[in-house]
Amino acid sequence: MSNDHHHEENFIQKYVFSVDHKIIGLQYGITSLLFLLFGFMLMMLMRYQIAYPETVIPYFGEWLFAGSGGVMLPENYNTLGAMHGTIMIFLGVVPLAVGAFGNYLVPLQIGAPDMAFPKLNAASYWSYFVGGVVMMASFFTPEGAARSGWTSYPPLSIFESGQTMWLLGMVFLITSSLLGSMNIIVTIVQLRAPGLTWFRLPFFIWAQLVTSFLLILAFPPLESAAILQLMDRLVGTSFFLPSGLVYAGSPVEAYGSGSPLLWQHLFWFLAHPEVYVLILPAIGIVGEIIANNTRKPLWGYKSLVYAIGFLGFMSFIVWAHHMFLTGMGQSMSAFFQLTTMIISIPSVVVLTAFFISLWGGSIRFNTPMLFALSFLPMFGIGGLTGLPLGVAASDIFLHDTYYVIGHFHYVVAPGTIFALFAGIYYWFPKVTGKRMSETLGKLHFWPSLLFMNGVFMPMFIQGLAGLSRRMYDGGQQYAHASDVLHWNEFMTISAFCLGAAQIPFIVNLIISLAGQKSDDRNPWKSTTIEWSAPSPPLPHVNFDSSVEVNHGPYEYSVPGQDEDYCPQTSP
Amino acid sequence: MTEILQYFGLPVGISSVSGRIDEIIVIVHYLMLVLFVGWGIFFIVSLIKFRESKNKKANYKGVESHYSSVLEGAVAVIEIVILFGFAFPIWAERVNDVPDSRDAEYIRVIAQQYAWNIHYPGADGIFGDTKVELVDEQDNPIGLDRNSEFGKDDFYTINQMHIPVDTKIRVDLSSKDVIHNFKLPELRVSQDAIPGMTIPVHFTATSTSKEFLETAVGTKREGKSLEIACAQLCGLGHYRMKGYLTIHEQEDYSAWLEEQAGYLEEEGDDWGDDDDWGDDDW
Ligand code: HEM
Ligand SMILES: [Cu+2]
Ligand SMILES: [Cu+2]
């Protein structure tokens with residue numbers, strides 16, 4: 001404990017158990033990028049198995065699947081599937097979009113010195129970290145990691161191995177999100193700089209605000225559901241087990257009279273809003289980058305804000321569209337179809353406003369903008385292909401096929417992940433004071449765009465043929481799949497090329513970090529407040545002068561001004 | 001309109017609902033296509049027209065008209081039409097018009113890891129009792145009580161479902177262990193089988209297996225007949241939980257039923273056991 005006057009921090013205080021939102025944001029960012037990479041590698045193993053079922057996996061097989069001579073077994077495939085989904089969502093995208101981008105940028109964009117509750121912020125990161133460690137450790141337990149899908153439907157999840165660790169890990173991850181989202185809400189409400197009225201907030205801040213409300217309202221039911229499932233597994237309760245089960249040849253010893261569907265309701269009550277948690281921060285990032293690189297205000301800023309607010313609200317009453325085939329009657333299915341169609345309208349509003357924002361711009365095609373622009377049609381495909389799944393009659397055929405996998409991956413991979421890449425390229429100069437290479441950036445962008453579509457577009461073809469998801473052998477058993485199986489190899493090769501296309505990004509990060517610092521605080525000539533802080537912003541206080549806001553968020557190309565941008569803080 | 005489906009790659013539909021389900025899939029895809037192409041054209045034109053080198057100074061106001069609200073309104077209207085005109089009626093038929101057991105060929109399907117038990121009521125048309133205590137994976141996977149009033153003539157098959165063509169079929173679906181999904185892709189039938197619940201499914205096949213196979217001649221599917229797929233992750237063997245569906249002409253179906261009844265007589269109580277004579281304690 002040093003008592004000296006400057007509060008000198010040692011390395012541990014400064015970089016490990018830091019309470020500075022920027023350090024915590026970076027911790028979140030680095031951890032989640034590593035998890036994304038890991039989740040991606042799990043997926044590459046799955047893709048290999050799908051394309052070349054039951055063959056020895058080159059190089060890694062002998063080591064990973066030693067017990068079976070290097071061939072992946074069904075339990076391995078199911079584990080990889082469940083853990084790919086879990087890791088990508090709960091350990092990758094949400095922590096990156098909310099934990100890293102939210103933490104780093106929210107205080108800066110509202111002109112605050114830090115988050116409202118810095119210690120809570122650190123607690124949120126460390127809870128996430130423990131959740132990640134538990135999930136990782138589960139691979140090395142005798143039972144192995146979870147293998148009942150990321151959806152963990154009982155009764156299967158109660159009988160299958162690995163689920164206990166998954167549930168424990170989830171409890172930590174959920175706790176982390178609850179702490180983090182509470183913090184973001186309070187920060188935005190309380191710590192806005194003088195003059196920063198609600199409708200002067202950057203769109204990104206609105207997106208983070210709505211996201212945080214979703215997290216804080218939707219996660220508690222899943223947290224309780226996870227604990228109930230844990231009790232079913234560990235202490236013999238039967239919240240999710242009906243009476244009269246016969247499992248693996250013998251009657252199940254349980255009290256019974258529970259309901260497997262109860263879990264599905266609790267799960268999707270979280271998991272549908274969760275989809276918007278995955279997409280809203282991405283929409284926020286894209287909005288910022290489009291305004292900046294078209295050099296004009298975001299078109300329909302207010303309707304955008306209302307649209308995502310409405311979207312957030314509606315996202316709580318659409319969950320059962322994941323459950324049309326559970327025996328749902330007419331009125332309930334009609335209700336959820338109607339809400340699902342209603343929620344598609346604000347999504348159309350958002351996308352349309354972004355497209356219209358381009359009109360009349362002076363568009364710069366730098367790397368962040370390329371990623372942000374390609375987000376639009378890719379998210380468009382993802383959103384549109386949700387329609388036939390939200391209409392129960394067409395869902396009868398498409399439910400649980402590769403069409404679904406294609407649909408939500410278009411939303412989260414070339415959608416969200418591209419937006420997150422855009423954000424990394426865009427704010428890297430703020431975080432480090434350095435620039436990323438444009439050449440390498442473009443070398444990252446174009447192949448990624450190509451191969452993303454190479455992996456996911458054929459999924460729609462396969463899904464329309466009726467090919468089911470979660471198939472260990474890629475669907476080889478089934479006659480109706482015979483017409484579309486030949487795509488599997490193409491998709492797998494695309495997935496590997498997609499992996500290779502990330503090398504320029506990693507190289508770019510390393511080279512740029514080693515590069516020269518520049519004094520330019522605002523290389524993109526942006527209007528929002530974070531760009532008036534030094535790069536990187538000062539520890540614990542962020543800004544080197546007091547912040548006062550006089551303008552809206554996107555005063556670009558204001559008629560009669562010489563400069564084509566007018567920062568929010570300029571007089 | 002649904003001819004376009006062959007380009008979509010959907011399996012040929014052969015049930016009384018497949019036409020309508022396919023139709024709605026196509027209609028929704030047209031809506032998607034129109035929106036996507038519309039956005040796409042606007043997108044590409046904007047990018048070319050307003051690139052920095054061409055348009056040095058951005059226009060602060062941008063688009064001033066509000067035609068986009070018209071677009072949003074139109075999408076809303078089309079969606080309402082899709083729901084009320086197509087989706088709701090199809091669903092109503094699916095869940096409200098379940099035929100009474102007397103008006104349909106009545107079958108039970110009991111899913112389990114990783115097989116489909118198909119239970120037929122036999123000549124009396126009424127199912128015997130089934131009891132969990134009687135379940136024996138070898139000799140009596142569905143726990144049928146042969147001594148119950150209607151149980152004498154019941155029979156069951158494993159992974160072999162036979163139905164008559166052009167006849168209403170009612171399947172009561174349940175599961176012994178975990179959630180499965182009973183999917184007949186060509187009949188556009190799919191329904192979760194959930195333990196603790198019995199969910200009725202109904203459909204009418206409009207062509208026989210033989211006729212269906214003729215449509216597959218010359219495709220990669222040639223020679224591969226109809227199947228029951230499991231479309232819900234149900235454990236390690238999920239990917240191979242496949243059954244077979246045979247659709248007969250009515251006469252052939254009756255013959256098949258008689259054949260099954262014959263086996264029952266030959267083998268006495270122990271029907272369904274393929275190698276040895278088990279004990280008689282049930
Ligand atoms: C970027 C490249 C990605 C590729 C190529 C990819 C590929 C796949 C594949 C092949 C499956 C398994 C399909 C099956 O067996 O049924 C899958 C499942 C899944 N993926 Fe991805 N994925 C990617 C990224 C992501 C991202 C970013 C997320 C989430 C944010 C995600 C979430 C999921 C989920 C939730 C599942 C379902 C897991 C389950 O069956 O329980 N994926 N993905
Ligand atoms: Cu199954
Ligand atoms: Cu299954």
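Guide: The copper ion (ligand 2) is coordinated at 2.0 to 2.4 Å by B:H180 (ND1), B:C230 (SG), B:C234 (SG) and B:M241 (SD), where donors are N, O and S atoms within 2.8 Å of the metal (3.2 Å for Na, K and Ca), and water is not among the atoms, so sites may look incomplete. This is a predicted model, in which local features need pLDDT of at least 70 and side-chain atom pairs count only at pLDDT 80 or more, while totals for chains, interfaces and linings use all residues. Side-chain values use heavy atoms without hydrogens and water, residues are numbered from 1 along each chain as its sequence is written, and chains are lettered from A and ligands numbered from 1 in the order in which they are written.

Visitor: What is the geometry at the copper ion (ligand 2)?

Guide: The site is tetrahedral, with angles of 94 to 132 degrees among its four donor atoms; four donors count as tetrahedral if all angles lie between 85 and 135 degrees.

Visitor: And which residue coordinates both copper ions?

Guide: B:C230 coordinates both the copper ion (ligand 2) and the copper ion (ligand 3), which are 2.5 Å apart. The protein donors of the copper ion (ligand 3) are B:C230 (SG), B:Q232 (O), B:C234 (SG) and B:H238 (ND1), at 2.0 to 2.6 Å, and that site is tetrahedral too, with angles of 87 to 121 degrees.

Visitor: Now the iron: why is the arrangement around the iron atom of ligand 1 called octahedral?

Guide: Its six donor atoms subtend angles of 89 to 178 degrees, which makes the arrangement octahedral; the rule asks that opposite donors be over 155 degrees apart and all others between 65 and 115. The protein donors are A:H84 (NE2) and A:H409 (NE2), lying 1.9 to 2.0 Å from the iron atom.

Visitor: Changing topic, how much area do chain A and chain B bury between them?

Guide: They bury about 8,200 Å², 69% of it on carbon and sulfur atoms, buried area being the accessible area (1.4 Å probe) that two parts lose on being put together, summed over both. A:W359, A:I396 and A:F397 supply 9% of the area that chain A buries against chain B, more than any other three residues.

Visitor: How many salt bridges does the rule find across that interface?

Guide: The rule finds zero salt bridges between chain A and chain B, taking a side-chain nitrogen of Lys or Arg within 4 Å of a carboxyl oxygen of Asp or Glu as the criterion.
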